[in-house]
2 protein chains.
Amino acid sequence: MNLPPLVQSFVLHFGEMGSRWGINRTVGQIYALLFVSPAPVCAEEIAESLGISRSNVSMSLRELQAWNLVILKHKPDDRRDFFTTPDDVWHILRTLAEERKKREVDPTLSVLREILMQRPASDAERHAQQRMSEMHTLIEQLTHWYEDVKQLETERLATLLSLGAKVTKLLEAKDRVVSLGRSRRPNPANKS
Amino acid sequence: MNLPPLVQSFVLHFGEMGSRWGINRTVGQIYALLFVSPAPVCAEEIAESLGISRSNVSMSLRELQAWNLVILKHKPDDRRDFFTTPDDVWHILRTLAEERKKREVDPTLSVLREILMQRPASDAERHAQQRMSEMHTLIEQLTHWYEDVKQLETERLATLLSLGAKVTKLLEAKDRVVSLGRSRRPNPANKS
DNA sequence: TAGTGATTTCAGAAATTTCTGAAATCACAG
DNA sequence: CTGTGATTTCAGAAATTTCTGAAATCACTA
(Lines give C-alpha, C1' and ligand atoms only; values in the text may rest on other atoms or scores of the structure.)
Protein backbone atom coordinates (compact mmCIF):
# COMPACT_ATOMS: atom_id res chain seq x y z
CA MET A 1 0.00 0.00 0.00
CA ASN A 2 1.51 3.30 -1.10
CA LEU A 3 -0.62 6.24 -0.11
CA PRO A 4 -0.19 9.60 1.63
CA PRO A 5 0.08 8.67 5.33
CA LEU A 6 -3.02 10.60 6.27
CA VAL A 7 -5.08 8.83 3.64
CA GLN A 8 -3.58 5.51 4.62
CA SER A 9 -4.75 5.79 8.25
CA PHE A 10 -8.25 6.50 7.05
CA VAL A 11 -8.26 3.62 4.59
CA LEU A 12 -6.89 1.17 7.13
CA HIS A 13 -9.43 2.23 9.71
CA PHE A 14 -12.29 1.71 7.30
CA GLY A 15 -10.90 -1.69 6.48
CA GLU A 16 -11.01 -2.74 10.11
CA MET A 17 -14.38 -1.14 10.63
CA GLY A 18 -15.75 -2.90 7.60
CA SER A 19 -15.39 -6.26 9.22
CA ARG A 20 -17.29 -5.04 12.26
CA TRP A 21 -20.23 -4.48 9.95
CA GLY A 22 -21.07 -7.18 7.48
CA ILE A 23 -18.78 -5.89 4.70
CA ASN A 24 -15.22 -7.12 4.39
CA ARG A 25 -11.93 -5.38 4.80
CA THR A 26 -11.17 -4.80 1.12
CA VAL A 27 -14.59 -3.37 0.38
CA GLY A 28 -14.20 -0.96 3.27
CA GLN A 29 -10.77 0.11 2.13
CA ILE A 30 -11.83 0.69 -1.44
CA TYR A 31 -14.77 2.76 -0.31
CA ALA A 32 -12.57 4.89 1.91
CA LEU A 33 -10.09 5.41 -0.88
CA LEU A 34 -12.74 6.53 -3.33
CA PHE A 35 -14.33 8.77 -0.73
CA VAL A 36 -11.22 10.86 -0.21
CA SER A 37 -9.88 10.79 -3.78
CA PRO A 38 -10.00 14.13 -5.56
CA ALA A 39 -10.90 12.49 -8.88
CA PRO A 40 -12.45 9.24 -10.08
CA VAL A 41 -10.10 6.27 -9.83
CA CYS A 42 -9.80 3.27 -12.15
CA ALA A 43 -9.68 -0.32 -10.98
CA GLU A 44 -6.03 -0.78 -11.83
CA GLU A 45 -5.07 2.19 -9.70
CA ILE A 46 -7.13 0.94 -6.78
CA ALA A 47 -5.38 -2.42 -6.93
CA GLU A 48 -2.02 -0.69 -6.95
CA SER A 49 -2.80 1.81 -4.20
CA LEU A 50 -4.10 -0.86 -1.86
CA GLY A 51 -1.72 -3.60 -2.90
CA ILE A 52 -4.42 -6.15 -3.73
CA SER A 53 -5.16 -8.22 -6.79
CA ARG A 54 -6.99 -6.85 -9.75
CA SER A 55 -9.67 -9.51 -9.47
CA ASN A 56 -10.31 -8.71 -5.84
CA VAL A 57 -10.88 -5.10 -6.82
CA SER A 58 -13.33 -6.16 -9.46
CA MET A 59 -15.41 -8.22 -7.05
CA SER A 60 -15.32 -5.60 -4.31
CA LEU A 61 -16.43 -2.87 -6.67
CA ARG A 62 -19.29 -5.09 -7.71
CA GLU A 63 -20.25 -5.35 -4.05
CA LEU A 64 -20.09 -1.58 -3.60
CA GLN A 65 -22.26 -1.13 -6.65
CA ALA A 66 -24.81 -3.51 -5.21
CA TRP A 67 -24.92 -1.15 -2.23
CA ASN A 68 -25.34 1.86 -4.53
CA LEU A 69 -22.34 3.42 -2.88
CA VAL A 70 -20.22 4.16 -5.93
CA ILE A 71 -20.70 6.05 -9.16
CA LEU A 72 -19.21 5.11 -12.52
CA LYS A 73 -17.50 7.78 -14.55
CA HIS A 74 -15.86 7.79 -17.98
CA LYS A 75 -13.16 9.84 -19.60
CA PRO A 76 -13.27 10.63 -23.31
CA ASP A 77 -11.07 8.29 -25.38
CA ASP A 78 -10.61 5.94 -22.46
CA ARG A 79 -12.45 2.65 -22.28
CA ARG A 80 -11.76 2.09 -18.61
CA ASP A 81 -14.33 2.59 -15.87
CA PHE A 82 -13.54 5.16 -13.23
CA PHE A 83 -15.19 5.16 -9.80
CA THR A 84 -16.18 7.75 -7.21
CA THR A 85 -18.56 8.12 -4.29
CA PRO A 86 -21.39 10.65 -4.32
CA ASP A 87 -20.27 14.10 -3.14
CA ASP A 88 -23.00 14.83 -0.67
CA VAL A 89 -22.46 13.06 2.64
CA TRP A 90 -26.17 13.36 3.46
CA HIS A 91 -26.92 11.51 0.30
CA ILE A 92 -24.48 8.81 1.29
CA LEU A 93 -26.14 8.54 4.68
CA ARG A 94 -29.52 8.06 3.07
CA THR A 95 -28.22 5.35 0.77
CA LEU A 96 -26.59 3.56 3.67
CA ALA A 97 -29.76 3.69 5.73
CA GLU A 98 -31.87 2.46 2.85
CA GLU A 99 -29.60 -0.44 2.02
CA ARG A 100 -29.13 -1.57 5.57
CA LYS A 101 -32.86 -1.47 6.13
CA LYS A 102 -33.38 -3.56 3.01
CA ARG A 103 -30.84 -6.15 4.11
CA GLU A 104 -31.26 -6.23 7.86
CA VAL A 105 -34.67 -5.00 8.83
CA ASP A 106 -37.04 -5.98 6.04
CA PRO A 107 -36.20 -9.70 6.08
CA THR A 108 -36.67 -9.80 9.84
CA LEU A 109 -40.00 -8.05 9.60
CA SER A 110 -41.21 -10.52 7.03
CA VAL A 111 -40.08 -13.52 9.07
CA LEU A 112 -41.82 -12.10 12.12
CA ARG A 113 -45.02 -11.47 10.22
CA GLU A 114 -45.00 -14.98 8.85
CA ILE A 115 -44.46 -16.57 12.25
CA LEU A 116 -47.14 -14.40 13.84
CA MET A 117 -49.67 -15.68 11.31
CA GLN A 118 -49.27 -19.21 12.57
CA ARG A 119 -51.38 -20.79 15.27
CA PRO A 120 -49.37 -21.62 18.39
CA ALA A 121 -49.41 -25.32 19.28
CA SER A 122 -48.31 -25.00 22.91
CA ASP A 123 -47.87 -22.59 25.77
CA ALA A 124 -44.22 -22.18 24.84
CA GLU A 125 -45.20 -21.17 21.33
CA ARG A 126 -47.88 -18.87 22.62
CA HIS A 127 -45.37 -17.07 24.79
CA ALA A 128 -42.81 -16.91 22.01
CA GLN A 129 -45.36 -15.33 19.72
CA GLN A 130 -46.17 -12.77 22.37
CA ARG A 131 -42.53 -11.75 22.55
CA MET A 132 -42.10 -11.68 18.80
CA SER A 133 -45.15 -9.53 18.53
CA GLU A 134 -43.58 -6.99 20.89
CA MET A 135 -40.49 -6.98 18.74
CA HIS A 136 -42.55 -6.69 15.60
CA THR A 137 -44.46 -3.71 16.92
CA LEU A 138 -41.30 -1.88 17.88
CA ILE A 139 -39.64 -2.47 14.54
CA GLU A 140 -42.73 -1.33 12.69
CA GLN A 141 -42.81 1.88 14.68
CA LEU A 142 -39.19 2.52 13.87
CA THR A 143 -39.54 1.82 10.18
CA HIS A 144 -42.65 3.97 9.91
CA TRP A 145 -40.77 6.82 11.47
CA TYR A 146 -37.89 6.21 9.10
CA GLU A 147 -40.09 6.07 6.00
CA ASP A 148 -41.59 9.32 7.15
CA VAL A 149 -38.51 11.36 7.87
CA LYS A 150 -36.55 10.10 4.91
CA GLN A 151 -38.91 12.06 2.69
CA LEU A 152 -37.75 15.33 4.22
CA GLU A 153 -35.37 17.54 2.33
CA THR A 154 -31.90 17.52 3.79
CA GLU A 155 -32.18 21.01 5.14
CA ARG A 156 -35.26 20.21 7.19
CA LEU A 157 -33.75 16.97 8.33
CA ALA A 158 -30.69 18.85 9.56
CA THR A 159 -32.87 21.32 11.43
CA LEU A 160 -34.72 18.51 13.10
CA LEU A 161 -31.47 16.84 14.00
CA SER A 162 -30.01 19.96 15.57
CA LEU A 163 -33.15 20.46 17.62
CA GLY A 164 -32.75 17.02 19.12
CA ALA A 165 -34.77 16.48 22.27
CA LYS A 166 -35.83 20.12 22.24
CA VAL A 167 -38.70 19.16 19.96
CA THR A 168 -40.39 17.71 23.03
CA LYS A 169 -40.37 21.19 24.53
CA LEU A 170 -42.22 22.23 21.46
CA LEU A 171 -44.69 19.42 21.95
CA GLU A 172 -45.32 20.49 25.51
CA ALA A 173 -45.84 24.03 24.31
CA LYS A 174 -48.33 22.77 21.77
CA ASP A 175 -50.13 20.74 24.43
CA ARG A 176 -50.38 23.83 26.60
CA VAL A 177 -51.76 25.88 23.77
CA VAL A 178 -54.27 23.20 22.87
CA SER A 179 -55.46 22.64 26.44
CA LEU A 180 -55.62 26.37 26.93
CA GLY A 181 -57.77 26.59 23.86
CA ARG A 182 -59.94 23.82 25.24
CA SER A 183 -60.43 25.36 28.66
CA ARG A 184 -61.58 28.59 27.10
CA ARG A 185 -63.76 26.99 24.44
CA PRO A 186 -64.46 23.43 25.62
CA ASN A 187 -65.18 20.91 22.90
CA PRO A 188 -68.14 18.68 23.89
CA ALA A 189 -67.05 15.99 21.39
CA ASN A 190 -63.87 15.44 23.36
CA LYS A 191 -64.56 12.77 26.00
CA SER A 192 -61.46 13.32 28.17
CA MET B 1 -31.87 -28.62 17.26
CA ASN B 2 -35.09 -29.64 18.95
CA LEU B 3 -37.44 -26.71 19.44
CA PRO B 4 -41.07 -25.87 18.76
CA PRO B 5 -41.16 -25.20 14.98
CA LEU B 6 -42.26 -21.62 15.43
CA VAL B 7 -39.40 -20.89 17.80
CA GLN B 8 -37.00 -22.71 15.55
CA SER B 9 -37.76 -20.46 12.55
CA PHE B 10 -37.11 -17.42 14.69
CA VAL B 11 -33.87 -18.79 16.09
CA LEU B 12 -32.58 -19.81 12.67
CA HIS B 13 -33.43 -16.44 11.20
CA PHE B 14 -31.56 -14.63 13.93
CA GLY B 15 -28.63 -16.91 13.33
CA GLU B 16 -28.46 -15.92 9.68
CA MET B 17 -29.07 -12.29 10.46
CA GLY B 18 -26.34 -12.33 13.05
CA SER B 19 -23.71 -12.89 10.42
CA ARG B 20 -25.02 -9.96 8.43
CA TRP B 21 -24.17 -7.80 11.42
CA GLY B 22 -20.83 -8.34 13.08
CA ILE B 23 -22.03 -11.04 15.51
CA ASN B 24 -21.83 -14.71 14.62
CA ARG B 25 -24.51 -17.27 14.01
CA THR B 26 -24.40 -18.95 17.40
CA VAL B 27 -24.55 -15.69 19.31
CA GLY B 28 -27.57 -14.67 17.28
CA GLN B 29 -29.31 -17.98 17.86
CA ILE B 30 -28.71 -17.94 21.59
CA TYR B 31 -30.02 -14.42 21.85
CA ALA B 32 -33.16 -15.33 19.94
CA LEU B 33 -33.72 -18.36 22.10
CA LEU B 34 -33.41 -16.40 25.31
CA PHE B 35 -35.61 -13.66 23.97
CA VAL B 36 -38.59 -15.93 23.41
CA SER B 37 -38.10 -18.28 26.36
CA PRO B 38 -40.75 -17.97 29.06
CA ALA B 39 -38.19 -18.48 31.84
CA PRO B 40 -34.43 -18.13 32.33
CA VAL B 41 -32.42 -20.88 30.64
CA CYS B 42 -29.20 -22.50 31.79
CA ALA B 43 -26.17 -23.03 29.59
CA GLU B 44 -26.62 -26.77 29.40
CA GLU B 45 -30.14 -26.39 28.12
CA ILE B 46 -29.07 -23.84 25.51
CA ALA B 47 -26.43 -26.25 24.22
CA GLU B 48 -29.02 -29.01 24.00
CA SER B 49 -31.73 -26.91 22.39
CA LEU B 50 -29.42 -25.57 19.71
CA GLY B 51 -27.33 -28.70 19.29
CA ILE B 52 -23.99 -26.99 19.93
CA SER B 53 -21.14 -27.67 22.30
CA ARG B 54 -21.18 -26.58 25.88
CA SER B 55 -18.00 -24.57 25.44
CA ASN B 56 -19.38 -22.72 22.46
CA VAL B 57 -22.35 -21.70 24.59
CA SER B 58 -20.02 -20.46 27.27
CA MET B 59 -18.09 -18.24 24.89
CA SER B 60 -21.15 -16.93 23.14
CA LEU B 61 -22.82 -16.02 26.41
CA ARG B 62 -19.70 -14.17 27.35
CA GLU B 63 -20.02 -12.23 24.12
CA LEU B 64 -23.66 -11.42 24.80
CA GLN B 65 -22.74 -10.24 28.27
CA ALA B 66 -20.14 -7.94 26.80
CA TRP B 67 -22.97 -6.44 24.78
CA ASN B 68 -25.11 -6.08 27.93
CA LEU B 69 -27.81 -8.03 26.17
CA VAL B 70 -28.41 -10.77 28.72
CA ILE B 71 -29.27 -10.89 32.39
CA LEU B 72 -28.07 -13.50 34.87
CA LYS B 73 -30.58 -15.12 37.19
CA HIS B 74 -30.29 -17.66 39.97
CA LYS B 75 -32.61 -20.21 41.46
CA PRO B 76 -32.47 -21.05 45.15
CA ASP B 77 -30.44 -24.21 45.84
CA ASP B 78 -29.08 -24.28 42.33
CA ARG B 79 -25.53 -23.21 41.62
CA ARG B 80 -26.03 -22.89 37.89
CA ASP B 81 -26.38 -19.56 36.10
CA PHE B 82 -29.61 -18.95 34.23
CA PHE B 83 -29.91 -16.39 31.46
CA THR B 84 -32.63 -14.12 30.08
CA THR B 85 -32.97 -10.95 28.04
CA PRO B 86 -34.48 -7.79 29.49
CA ASP B 87 -38.28 -7.74 29.19
CA ASP B 88 -38.73 -4.30 27.75
CA VAL B 89 -38.00 -4.15 24.03
CA TRP B 90 -37.38 -0.40 24.24
CA HIS B 91 -34.73 -1.06 26.79
CA ILE B 92 -33.16 -3.63 24.47
CA LEU B 93 -33.22 -1.11 21.65
CA ARG B 94 -31.41 1.44 23.78
CA THR B 95 -28.74 -1.05 24.77
CA LEU B 96 -28.23 -2.08 21.17
CA ALA B 97 -27.90 1.52 20.03
CA GLU B 98 -25.48 2.34 22.81
CA GLU B 99 -23.25 -0.64 22.16
CA ARG B 100 -23.18 -0.25 18.43
CA LYS B 101 -22.32 3.40 18.82
CA LYS B 102 -19.51 2.49 21.17
CA ARG B 103 -18.10 -0.10 18.79
CA GLU B 104 -18.77 1.41 15.39
CA VAL B 105 -19.13 5.15 15.66
CA ASP B 106 -16.88 6.28 18.50
CA PRO B 107 -13.68 4.72 17.13
CA THR B 108 -14.34 6.27 13.74
CA LEU B 109 -14.91 9.67 15.26
CA SER B 110 -11.68 9.47 17.17
CA VAL B 111 -9.70 8.40 14.11
CA LEU B 112 -11.21 11.25 12.13
CA ARG B 113 -10.41 13.79 14.83
CA GLU B 114 -6.86 12.58 15.01
CA ILE B 115 -6.33 12.77 11.27
CA LEU B 116 -7.91 16.21 11.09
CA MET B 117 -5.41 17.51 13.62
CA GLN B 118 -2.54 16.76 11.28
CA ARG B 119 -1.08 19.18 8.81
CA PRO B 120 -1.64 18.11 5.18
CA ALA B 121 1.61 17.61 3.26
CA SER B 122 0.15 17.75 -0.24
CA ASP B 123 -2.87 18.73 -2.28
CA ALA B 124 -4.10 15.16 -2.14
CA GLU B 125 -3.94 15.21 1.63
CA ARG B 126 -5.60 18.60 1.78
CA HIS B 127 -8.50 17.33 -0.28
CA ALA B 128 -8.74 14.13 1.76
CA GLN B 129 -8.94 16.14 4.95
CA GLN B 130 -11.68 18.27 3.48
CA ARG B 131 -13.74 15.15 2.76
CA MET B 132 -13.05 13.64 6.14
CA SER B 133 -14.10 16.84 7.77
CA GLU B 134 -17.46 16.66 5.99
CA MET B 135 -17.88 13.12 7.27
CA HIS B 136 -16.81 14.15 10.73
CA THR B 137 -19.33 16.98 10.86
CA LEU B 138 -22.17 14.75 9.80
CA ILE B 139 -21.34 12.03 12.31
CA GLU B 140 -21.05 14.60 15.09
CA GLN B 141 -24.47 15.98 14.26
CA LEU B 142 -25.95 12.51 14.35
CA THR B 143 -24.32 11.55 17.62
CA HIS B 144 -25.34 14.81 19.27
CA TRP B 145 -28.90 14.15 18.26
CA TYR B 146 -28.62 10.64 19.58
CA GLU B 147 -27.13 11.69 22.93
CA ASP B 148 -29.95 14.14 23.21
CA VAL B 149 -32.93 11.94 22.44
CA LYS B 150 -31.63 8.93 24.33
CA GLN B 151 -32.25 10.88 27.55
CA LEU B 152 -35.98 10.99 26.86
CA GLU B 153 -38.30 8.67 28.73
CA THR B 154 -39.63 5.90 26.57
CA GLU B 155 -43.09 7.33 26.43
CA ARG B 156 -41.92 10.65 25.03
CA LEU B 157 -39.63 8.89 22.63
CA ALA B 158 -42.55 6.83 21.37
CA THR B 159 -44.63 9.96 20.89
CA LEU B 160 -41.87 11.56 18.92
CA LEU B 161 -41.53 8.46 16.78
CA SER B 162 -45.20 8.29 16.00
CA LEU B 163 -45.18 11.94 15.01
CA GLY B 164 -42.48 11.30 12.46
CA ALA B 165 -42.13 13.99 9.87
CA LYS B 166 -45.17 15.76 11.27
CA VAL B 167 -42.92 17.52 13.75
CA THR B 168 -41.81 19.74 10.90
CA LYS B 169 -45.40 20.92 10.60
CA LEU B 170 -45.10 21.90 14.21
CA LEU B 171 -41.89 23.75 13.49
CA GLU B 172 -43.53 25.68 10.71
CA ALA B 173 -46.37 26.54 13.03
CA LYS B 174 -43.90 27.75 15.61
CA ASP B 175 -42.11 29.86 13.00
CA ARG B 176 -45.39 31.44 12.02
CA VAL B 177 -46.24 32.22 15.61
CA VAL B 178 -42.83 33.68 16.26
CA SER B 179 -42.77 35.87 13.17
CA LEU B 180 -46.32 36.94 13.90
CA GLY B 181 -45.23 37.98 17.36
CA ARG B 182 -42.28 39.85 15.85
CA SER B 183 -44.29 41.77 13.31
CA ARG B 184 -46.59 42.99 16.03
CA ARG B 185 -43.91 43.70 18.59
CA PRO B 186 -40.63 43.90 16.66
CA ASN B 187 -37.50 43.09 18.64
CA PRO B 188 -34.75 45.61 17.86
CA ALA B 189 -32.09 43.16 19.13
CA ASN B 190 -32.96 40.79 16.30
CA LYS B 191 -30.86 41.68 13.25
CA SER B 192 -32.82 39.71 10.61
C1' DT C 1 -8.88 -31.18 52.74
C1' DA C 2 -10.90 -33.99 49.21
C1' DG C 3 -14.79 -34.43 46.28
C1' DT C 4 -18.38 -32.84 43.14
C1' DG C 5 -20.46 -30.47 39.61
C1' DA C 6 -20.65 -26.26 37.10
C1' DT C 7 -18.00 -23.28 34.17
C1' DT C 8 -14.14 -21.52 31.48
C1' DT C 9 -10.08 -21.82 28.79
C1' DC C 10 -7.56 -22.96 24.93
C1' DA C 11 -5.09 -25.62 21.25
C1' DG C 12 -6.21 -27.41 17.33
C1' DA C 13 -10.09 -29.10 13.93
C1' DA C 14 -13.67 -27.66 10.97
C1' DA C 15 -16.08 -24.38 8.46
C1' DT C 16 -16.39 -20.19 6.21
C1' DT C 17 -14.79 -16.18 3.97
C1' DT C 18 -11.62 -13.77 1.33
C1' DC C 19 -8.27 -13.45 -2.13
C1' DT C 20 -5.56 -14.73 -6.18
C1' DG C 21 -3.98 -16.03 -10.85
C1' DA C 22 -5.22 -18.08 -14.94
C1' DA C 23 -8.58 -18.44 -18.26
C1' DA C 24 -12.77 -16.67 -20.29
C1' DT C 25 -15.42 -12.85 -21.85
C1' DC C 26 -16.26 -8.46 -23.63
C1' DA C 27 -15.94 -4.21 -26.42
C1' DC C 28 -14.07 -2.00 -29.62
C1' DA C 29 -10.49 -0.76 -33.67
C1' DG C 30 -8.28 -1.87 -37.62
C1' DC D 1 -12.78 -11.47 -38.85
C1' DT D 2 -8.52 -10.63 -35.77
C1' DG D 3 -5.98 -8.34 -32.33
C1' DT D 4 -5.75 -5.64 -28.14
C1' DG D 5 -6.62 -4.20 -23.75
C1' DA D 6 -9.93 -3.90 -20.13
C1' DT D 7 -12.84 -6.59 -17.15
C1' DT D 8 -15.01 -10.57 -15.06
C1' DT D 9 -15.31 -15.23 -13.60
C1' DC D 10 -14.12 -18.99 -10.96
C1' DA D 11 -11.52 -22.98 -8.95
C1' DG D 12 -8.64 -23.55 -5.58
C1' DA D 13 -5.15 -21.34 -2.05
C1' DA D 14 -4.74 -18.59 1.95
C1' DA D 15 -6.52 -16.38 5.81
C1' DT D 16 -9.79 -15.90 9.23
C1' DT D 17 -13.43 -17.19 12.16
C1' DT D 18 -15.99 -20.41 14.59
C1' DC D 19 -16.45 -24.51 17.12
C1' DT D 20 -15.12 -28.52 19.85
C1' DG D 21 -13.32 -31.69 23.44
C1' DA D 22 -10.12 -32.22 26.89
C1' DA D 23 -8.07 -30.19 30.63
C1' DA D 24 -8.00 -26.51 34.01
C1' DT D 25 -10.36 -23.65 37.19
C1' DC D 26 -13.73 -22.39 40.35
C1' DA D 27 -17.15 -22.58 44.15
C1' DC D 28 -18.99 -24.82 47.28
C1' DT D 29 -19.91 -29.09 50.57
C1' DA D 30 -19.08 -32.68 53.49
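**View 1. Helices H3(B) and H4(B) cross in a right-handed sense.** In this predicted model, the axes of the two helices, H3(B) and H4(B), come within 9 Å and cross at roughly 115 degrees. H3(B) and H4(B) are therefore roughly perpendicular to each other. From H3(B), the residues B:Ala43, B:Glu44, B:Ile46 and B:Ala47 meet B:Arg54, B:Val57, B:Ser58 and B:Leu61 of H4(B). Sorted by class, this contact of H3(B) with H4(B) comprises five nonpolar, one polar and two charged residues.

**View 2. Residues of chains A and B surround DNA strand C.** The surroundings of DNA strand C comprise 21 residues, and the closest are A:Asn24, A:Ser53, A:Ser55, A:Asn56 and B:Ser55. Two or more residues of this surface come from each of helix H2 (25-36) and helix H4 (54-66) of chain A, and likewise from helix H3 (43-50) and helix H4 (54-66) of chain B. H4(B) provides the largest share of the surface near DNA strand C, with five residues.

**View 3. Residues of chains A and B surround DNA strand D.** Around DNA strand D lie 21 residues, of which the closest are A:Ser55, B:Asn24, B:Ser53, B:Ser55 and B:Asn56. At least two residues of the surface near DNA strand D are supplied by each of helix H3 (43-50) and H4 of chain A, and by each of helix H2 (25-36) and H4 of chain B. H4(A) gives the most to the surface near DNA strand D, namely five residues. By class, the surface near DNA strand D holds five nonpolar, eight polar and eight charged residues.

**View 4. Chain A and chain B are in contact.** On the two sides of this contact, 55 residues of chain A meet 55 residues of chain B. The side of chain A that touches chain B receives at least two residues from each of helix H1 (5-20), H2, helix H5 (89-117), helix H6 (123-149), helix H7 (154-163) and helix H8 (166-184) of chain A. The largest share of that side, 16 residues, comes from H6(A). The side of chain A that touches chain B consists of 31 nonpolar, 15 polar and nine charged residues.

**View 5. Helix H6(A) packs with helix H5 (residues 89-117) of chain B.** The axes of H6(A) and H5(B) are 10 Å apart, and the angle of packing is about 60 degrees. H6(A) is therefore oblique to H5(B). The crossing by which H6(A) passes H5(B) is right-handed. Here A:Glu134, A:Met135 and A:Leu138 in H6(A) meet B:Val89, B:Trp90 and B:Leu93 in H5(B). The contact of H6(A) with H5(B) includes five nonpolar residues, no polar residues and one charged residue.

**View 6. Three strands of chain A form an open sheet.** The order of the strands is S1-S3-S2, and their pairing is antiparallel. Strand S1 (41-42) and strand S2 (71-73) of chain A are the edge strands, each of which pairs on one side only. S2(A) pairs with strand S3 (residues 82-84) of chain A in the antiparallel sense over three bridges. Opposite A:Leu72 stands A:Phe83 in S3(A).

Definitions and conventions. Residues are numbered from 1 along each chain as its sequence is written. Chains are lettered from A and ligands numbered from 1 in the order in which they are written. This is a predicted model: local features need pLDDT of at least 70, side-chain atom pairs count only at pLDDT 80 or more; totals for chains, interfaces and linings use all residues. A residue is near a molecule or strand if its C-beta atom, placed from the backbone, lies within 6 Å of it. Helices (H or I, at least four residues) and strands (E, at least two) are DSSP runs, numbered from the N terminus. Two residues are in contact if their C-beta atoms, placed from the backbone, lie within 7 Å. Ala, Val, Leu, Ile, Met, Phe, Trp, Tyr, Cys and Pro count as nonpolar, Asp, Glu, Lys and Arg as charged, and the others, Gly among them, as polar. Axes are lines fitted to C-alpha atoms, for helices over the stretch in contact, and angles run from 0 to 180 degrees between N-to-C directions. Angles under 35 degrees count as roughly parallel, over 145 as roughly antiparallel, 65 to 115 as roughly perpendicular and the rest as oblique. A crossing is left-handed if the near helix is turned anticlockwise from the far one by less than a right angle, and right-handed if clockwise. Two strands pair if DSSP finds at least two bridges between them.
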